[in-house]
Amino acid sequence: MTETSRPTCFQEVILRLQTYWAEKGCAILQPYDMEVGAGTFHPATTLRALGQNPWAAAYVQPSRRPTDGRYGENPNRLQHYYQYQVLIKPSPPDLQDLYLGSLAAIGIDMDLHDIRFVEDDWESPTLGAWGLGWEVWCDGMEVSQFTYFQQVGGHDCKPVSGELTYGLERLAMYVLGVDHVMDMPFNRPDAPIPLTYGDVFRQTEAEYSRWNFDVANTDVLLKQFEEAESHCDFILSHPEVDPKTGKRIVMAHPAYDQCIKASHLFNLLDARGVISVTERQAYIGRVRALAKKCAEAFVQTEAGGWQPS
Amino acid sequence: MPDLLIELLSEEIPARMQARASADLKKLITDGLVDAGLTYASAQAFATPRRLALTVEGVTAESPTVTEERKGPRVGAPDKALEGFLRATGLTKDQLEARDEKKGQVWFARVTKQGRPAAEIVAEVLEQTIRTFPWPKSMRWGAGTLRWVRPLHSILCLLTDDAGSTVVPLEIDGIVAGNTTRGHRFLAPEPFAVTGFDDYVTSLKRVYVILDPAERAEAIWHDATNLAFAQSLEVIEDRGLLAEVAGLVEWPVVLMGQIGEAFLGLPPEVLKTSMKEHQKFFSVRNPKTGRIERFVTVANTVTADSGAAILAGNQKVLSARLSDAKFFWENDLRVAKAGMGPWLESLGHVTFQSDLGSQKQRIDRIAALARAVAPMVGADPDLAEKAAEVAKADLSSEMVYEFPELQGTMGRYYAEAAGLPAEVAAAAEEHYSPLGPSDDVPTAPVSVAVALADKLDTLTGFWAIGEKPTGSKDPFALRRAALGVIRLILSNDLRLHLDRLIDAQLLRHGISPESEDEAALRDAVLHEIARHGIFGSAVRGVIDEIEGDAPGWIENVTEHRPDTSDDLLAFFHERLKVHLRDEGIRHDVIDACLALPNRDDLTLLVKRAKALSEVLKTDDGENLLQGFKRANNILTQAEEADGVAYEFGPDRKFAETDEERALFDALDRAGGAISSAIEAEDFASAMASMASLRAPIDAFFEAVQVNTDNQIIRRNRLNLLHRIREICLSAADLTRIEG
């Protein structure tokens, strides 16, 4: 590996990851256009991890965790942040080395730092998904999640996908040596109009924190949750063959959009503190039921490996 | 004789699984070798984050050739039987031998199992071991089907003898066994060949891998204590953490760092928990102040800057973590100092269990019971009630949300911050105890009252809704709660009528008062039940004083049926048996004491059981038991045959022999002694008096025939046996004793 200089700003970290994974053969996708809690929810991961078709994709995904909002005041916690996500199916035998190469690409010098793979079995109760892997530590800080998917939507993953998730703000702060996320340069500090992360996001963090915690109308959210749930069922209740075109079109993705919506609405309700411990399990079960149906629908699509018999 | 070396190199194995995995590897391989006819001198297994390794020394070079004789069908048996035998033995008919047996001629076969070379056996056993390895969780990877804890990369399998070493030929799912391994992931990742175990261990050390986990742990502890000592500090020992950290590194490098000044004011439990849970740091304490001032972290690599960048990074992560903790602590303190109102209120929105209401409702029930229990355990009722009201407030705090294991610990800090009395603050921390069989039991009266009320409320609640533990299923840890109650009572020598407390709290679960007056009435009624029992006149008194129409739930009280209470009490008795079994008291001894009055007074019950257990260990006790059983059997048979109960009392004037008269005297003495000893709760004396009957009873049976022809004398003797039964049963129900 050639000596890599340190990046100068947040976007350069992202750009270097994009370049690195593009060079390694991944399709560089764009973020999914919906509110999600994590990059895993992007159909390019959740659905594409299913079925036999090979896959290699990398993308940035804005993610929202309403309960993590701190009004833009906490040095690390944000209710809106970015994840960088890589999914390769089947997982290549040198995935750990590929991953370490990506750290080098963003300027982490393995000769000076302590990289560790610490057990962290990943499970998403709302997606009915689980896998084994690690959280990757750099000098005691979690910089990525590394998972070999075993099941998604209740379906066995065959072959197994390898998934990498980088928490971009945290990783970039580390690489750039910044202590408070809002102080992190977003574009180059020597640009004509230099912007910090705070210039871009301080305002929205405050606004959404207030809204998430105290203002979001829970009656509306509850109603929307129910609607998304029934809408998902409604979409999937349609026959495989479209009467208009006469083609076989299983609508796994539109249904999955409703599942994503339900999941995010649940997170909002949770942040509003109106869901009790026992109800919580019931809600998670409802979202999982949707994810399961969507996974079943996806493996009935050609992208999901379905073949006409 | 060759030595065997196996190494399975994989991606990082979870630390918590390593010790078990190396033990399993050793057992599965050595068992497999022995089953296949090989022997070995010694074996040792090791684990690092990336490898499992096994050395087996002095393996026999091949398994012995074994010849065995097998008996087949008789000569002239149907062809099918003979064909089957030939197939099973792999022989032809002309290789069989016909031998004369008692019932005619029988075919015999001599089957020779050729010895096999060790390499062949090792390959088979290792493949079987890898394919069936008992990982707690295993996974597939890529497009393959093999399962391992994480992707398996290489297999080293060598047999080494004086002539040199050879690779055991083996391939599993495309992984071909060889003689190479790799060093430290970053410091020496190139593959290299090894010739045997000694070479393997020394070569690994050269490439920054310490194979033996004990050696790594020792190195970590040694360096950590040295670093601390040099600063006049001490590392807080934590064996679990040490083992875990030793499983995270192949080449431990110990570094000590500073905790930012701003965080030194956090409670030590918070510092310790945060550093351990999030970062696997050891806490370093200043012995002079008792404060935690530094941390020790263990890196897995050596760097040119002697770990400066690593330490700086760790310190930064710690600061971020501790700023979170500080944020929680400061927010929490604000709420606590203002009286914890919002926390208590929010507990009203948290469901404890769907059929048992919210945490707030639960707390109200516990507070009412704690108030009733307080005088029985020497606590102030007001303090006990207050303590119960705030004991679970910290469940709503931010710190406990982040670190659930700090529940109670934070409760104490926050109660202190709220300016509550020390007893109340202590109860917030201690009322969860005892959690396990070896956990400390609270002794402070207020803590005891709340701890008892908490556990009894949980137990009666789940009994009330029919959610008892079954078999191995005990999702609400009710067995642990019952054991907690038992240990609280026994350790503190408490004299409680458990029945009354159970009745009162069971009823409480079924009453929903519709007004404040009704709630007050409920509390008054249940308070009396807890103190004096459900059938006490005091309860009647309260009910009789109700003016106007009584609320509907009063019927719950007047019509209360003891089935559920009895069932819960029986559950306590079962748990008590399990608890006392560890102290060497048999279950039948407890059964013998359960038949006597005040069985809900566990302290009394245990005193009695211990005394009985002791006396049964003596010669007199053992023989008395036999004498009692003999008397009881004769009496029972006679009563069944005659259809009468012989309980009129024997008359001394019909006694014929000295032995008989002596038994009369002994029974009079023992009867009086036992009842006064029991009155004084001196069970040892009571049991000793009972045992003193052994000699006269034995002498009586020796000299006297109970069932004589003279009916008057027979009846009198049967009445005398009844006295034996009656007097013994007043001390313990000996019919329950086995043997």
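Contact here means heavy atoms within 4.5 Å of each other, and in that sense the cover over the buried residues of helix H11 of chain B includes helix H10 (359-373), helix H14 (422-430) and helix H15 (445-464) of chain B. The model is a predicted one, in which local features need pLDDT of at least 70 and side-chain atom pairs count only at pLDDT 80 or more, whereas totals for chains, interfaces and linings use all residues. Residues are numbered from 1 along each chain as its sequence is written, chains are lettered from A and ligands numbered from 1 in the order in which they are written, and side-chain values use heavy atoms, with hydrogens and water left out. Helices (H or I, at least four residues) and strands (E, at least two) are DSSP runs, numbered from the N terminus.

**The interface of chain B and chain A**

- The area buried between chain B and chain A is about 3,500 Å², with carbon and sulfur atoms giving 53% of it; buried area is the accessible area (1.4 Å probe) that two parts lose on being put together, summed over both.
- Of the area that chain B buries against chain A, 18% is supplied by Arg140(B), Arg150(B) and Phe186(B), more than by any other three residues.
- The contact takes 43 residues from chain A and 47 residues from chain B.
- Six salt bridges are found by the rule across this interface of chain B and chain A, a salt bridge being a side-chain nitrogen of Lys or Arg within 4 Å of a carboxyl oxygen of Asp or Glu.
- A salt bridge joins Glu119(A) to Arg16(B), and the closest N and O atoms of this pair are 2.6 Å apart.
- The rule also finds 18 residue pairs in polar contact across the interface of chain B and chain A, both residues being at pLDDT 80 or more; a polar contact is a pair of N or O atoms within 3.5 Å, where within protein one must be able to donate a hydrogen and the other to accept it, and residues adjacent in sequence count only if both atoms are side-chain atoms.
- On the side of chain B that touches chain A, the elements that give two or more residues are helix H1 (15-35), helix H7 (268-279), strand E16 (292-299) and helix H8 (308-337) of chain B, and the largest share, 10 residues, comes from H8(B).

**Two buried residues of chain A**

- Ser91(A) is found in the loop between strand E3 (80-89) and helix H3 (95-105) of chain A, and it is buried, with a relative accessible area of 6%; buried means under 20% relative accessible area, exposed over 50%, and partly exposed in between (1.4 Å probe, protein chains only).
- The side chain of Ser91(A) reaches across to chain B, where the backbone nitrogen of Gly142(B) lies at 2.8 Å.
- With neighbours within four places in sequence left aside, Ser91(A) is in contact with Tyr148(A), Val160(A), Ser161(A) and Gly162(A), and also with Trp141(B) and Gly142(B).
- Gly131(A) lies in strand E6 (residues 129-138) of chain A and is buried, with a relative accessible area of 0%.
- Not counting residues up to four places away in sequence, Gly131(A) touches Asp121(A), Trp122(A), Thr147(A), Tyr148(A), Phe149(A) and Gln150(A).

**A three-stranded sheet in chain B**

- Three strands of chain B form an open sheet in the order E4-E6-E5, and the pairing is antiparallel; two strands pair if DSSP finds at least two bridges between them.
- Strand E4 (66-74) and strand E5 (97-101) of chain B are the edge strands, each of which pairs on one side only.
- From one strand to the next, the twist averages 35°, where axes are lines fitted to C-alpha atoms, for helices over the stretch in contact, and angles run from 0 to 180 degrees between N-to-C directions.
- E4(B) pairs with strand E6 (residues 104-113) of chain B over seven bridges in the antiparallel sense, and Arg74(B) has Val106(B) as its bridge partner in E6(B).
- Helix H2 (residues 79-89) of chain B packs on the sheet, where it touches E4 and E6 of chain B, and its direction makes about 170° with that of E4(B).
- E5(B) and E6(B) pair in the antiparallel sense over five bridges and form a hairpin with two residues between them.

- In helix H11 (residues 381-391) of chain B, the buried residues are Leu383(B), Ala384(B), Ala387(B), Ala388(B), Val390(B) and Ala391(B).
- The N-terminal end of H11(B) is capped by Asp380(B), a side-chain oxygen of which lies 2.9 Å from the backbone nitrogen of Asp382(B).
- Leu602(B), found in helix H23 (residues 602-616) of chain B, counts as buried at 1% relative accessibility.
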